[in-house]
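I hope they are handy to read beside the viewer.

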Amino acid sequence: MKNLIIISIGSLLLTGCEQVSKSVKETFEPVADTKAQLKRDEHIPVSAPNPYSPEVEKQIEEAQRLVNTMLEKHTKTHIDTYTEGKNTGFLTNEDKLKNAEEALRKLPQYDGKEIKIYYTMHFYDNGSILAMLQHPTNPDYIDNYEYKDGKWSEPRPEQMSVRDDIRSRLVPLDKIDFANVAKAADAYSQKIAQIEGAKPLTTIYISIANNKLRWFPASINGSRERYSIELNQNGTLKKFERE
C-alpha cells in the first residue's frame with residue numbers, strides 16, 4: 001500500500017502542480033459503478049466507519065505531509081530568488097497590509113468587477129507582494145502583479161495550459177483579508193522562537209486548491225527538530241506538532 005501511495009504521488013507530480021494540492025485520499029478512492037454505489041449506499045448507516053485501517057490512515061497522512069513538502073519545494077527557488085531589499089516588518093504591520101489590499105481593490109481595470117486571486121499569493125517582509133489574478137474580462141486568462149514601494153505593477157500575462165483547472169484555483173479577494181497575514185506571521189513567529197536553529201520568518205504565502213486557501217510554510221525546520229504547522233483560514237494557529 002505504501003508503494004501505491006508513493007507511486008500515486010509521483011503520478012500527480014507528473015500531471016502538474018495543480019494536481020499535487022488535491023487531497024491524497026481522493027487519489028485512492030475507487031471509481032465505482034454509479035447504480036451499484038447507490039445501492040450500497042442504501043445500507044450504509046449515517047455513522048459509517050472509516051473505510052481505512054489505522055495503518056493505511058497513517059500512510060495516507062505521511063503521504064499528505066510528503067505532498068506538502070513537495071509543494072513547498074516547488075516554490076522554494078521562487079522564494080529564495082526574491083529576497084532583494086531588507087526586511088521592514090511588513091508581515092506584521094496590519095496598516096501597511098491593509099493599504100496594499102486597498103490599493104489592489106482600486107486597480108482601474110477591476111472597477112465594478114470582482115477581483116479573484118488565482119493559485120498563489122506571496123507576501124514578503126521586505127514590503128513586496130506577488131499575486132496572480134484572473135483577468136478582468138477574459139476568465140481564461142491569468143495575470144501576474146507585483147506590489148512594491150506602495151504600488152501595484154501593470155499586469156504581466158501568465159502562460160496557461162489547457163490542463164490548468166483555473167476555476168478550482170480561484171478565491172475572491174473578499175474572502176482574503178490582508179490583515180490576517182499579520183495574524184499568520186505572529187503564529188509562525190511564536191513557534192519559530194521555540195525551536196532551536198529555526199530561521200526567522202521572511203515570507204508567507206497562500207496556496208489555493210478546490211476554491212479554498214491554505215497558509216504556507218506548512219513546516220518549521222530547526223537544527224534538531226522539524227514541526228508541521230497548520231493555520232486556520234483567518235491566520236490563527238490550528239495545529240502544531242513535531243514530525
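1. Accessible areas here come from the Shrake-Rupley method with a 1.4 Å probe, and for residues only the protein chains shown count as cover. By that method the protein exposes about 14500 Å², and carbon and sulfur atoms supply 50% of this area. Please keep in mind that this is a predicted model, in which local features need pLDDT of at least 70, side-chain atom pairs count only at pLDDT 80 or more, and totals for chains, interfaces and linings use all residues. Residues are numbered from 1 along each chain as its sequence is written, and side-chain values use heavy atoms, with hydrogens and water left out.

2. On the overall make-up, the protein has seven helices and 11 strands (DSSP runs numbered from the N terminus, H or I of at least four residues for helices, E of at least two for strands). Of its 243 residues, 41% count as buried; buried means under 20% relative accessible area, exposed over 50%, and partly exposed in between, with a 1.4 Å probe and protein chains only. Among contacts (heavy atoms within 4.5 Å) with a separation of 6 or more, 61% come from residues 24 or more positions apart.

3. Now to a helix pair worth a look. Helix α6 (residues 94-105) and helix α7 (residues 179-192) have axes that come within 7 Å and cross at roughly 140°; axes are lines fitted to C-alpha atoms, for helices over the stretch in contact, and angles run from 0 to 180 degrees between N-to-C directions. The two helices are therefore oblique to each other (angles under 35 degrees count as roughly parallel, over 145 as roughly antiparallel, 65 to 115 as roughly perpendicular and the rest as oblique). On the α6 side, E94, L97 and K98 make the contact, and on the α7 side A179, V181 and A182 do. By class, that gives four nonpolar, no polar and two charged residues, where Ala, Val, Leu, Ile, Met, Phe, Trp, Tyr, Cys and Pro count as nonpolar, Asp, Glu, Lys and Arg as charged, and the others, Gly among them, as polar.

4. Leaving out residues up to four places away in sequence, A182 touches L91, T92, E94 and L97. K183 touches N234, G235 and T236, with residues up to four places away not counted, and its C-alpha atom is separated by 7.5 Å from that of T92, 91 residues apart along the chain.

5. Is I142 buried or exposed? At 1% relative accessibility, I142 counts as buried. I142 sits in strand β3 (residues 142-148), and its contacts beyond four places in sequence include Y118, M132, L133, R156, P157 and I166. P157 is 15 residues away from I142 along the chain, with a C-alpha separation of 6.3 Å.

6. Most residues other than glycine have a negative phi, and most peptide bonds are trans. Here the peptide bond from F216 to P217 is cis, with omega near 10°, and P217 is in the loop between β8 (212-216) and β9. N210 has a positive phi of about 55° although it is not a glycine, and N211 has one of about 60°. N210 is partly exposed at 41% relative accessibility, and N211 is partly exposed at 42%.

7. S219 belongs to strand β9 (residues 219-221) and is buried, with a relative accessible area of 9%. The side chains of S219 and R226 are joined by a polar contact of 3.2 Å; such a contact is a pair of N or O atoms within 3.5 Å, where within protein one must be able to donate a hydrogen and the other to accept it, and residues adjacent in sequence count only if both atoms are side-chain atoms. E230, in strand β10 (residues 226-231), is partly exposed at 22% relative accessibility. Setting aside residues up to four places away in sequence, E230 touches L237, K238 and K239.
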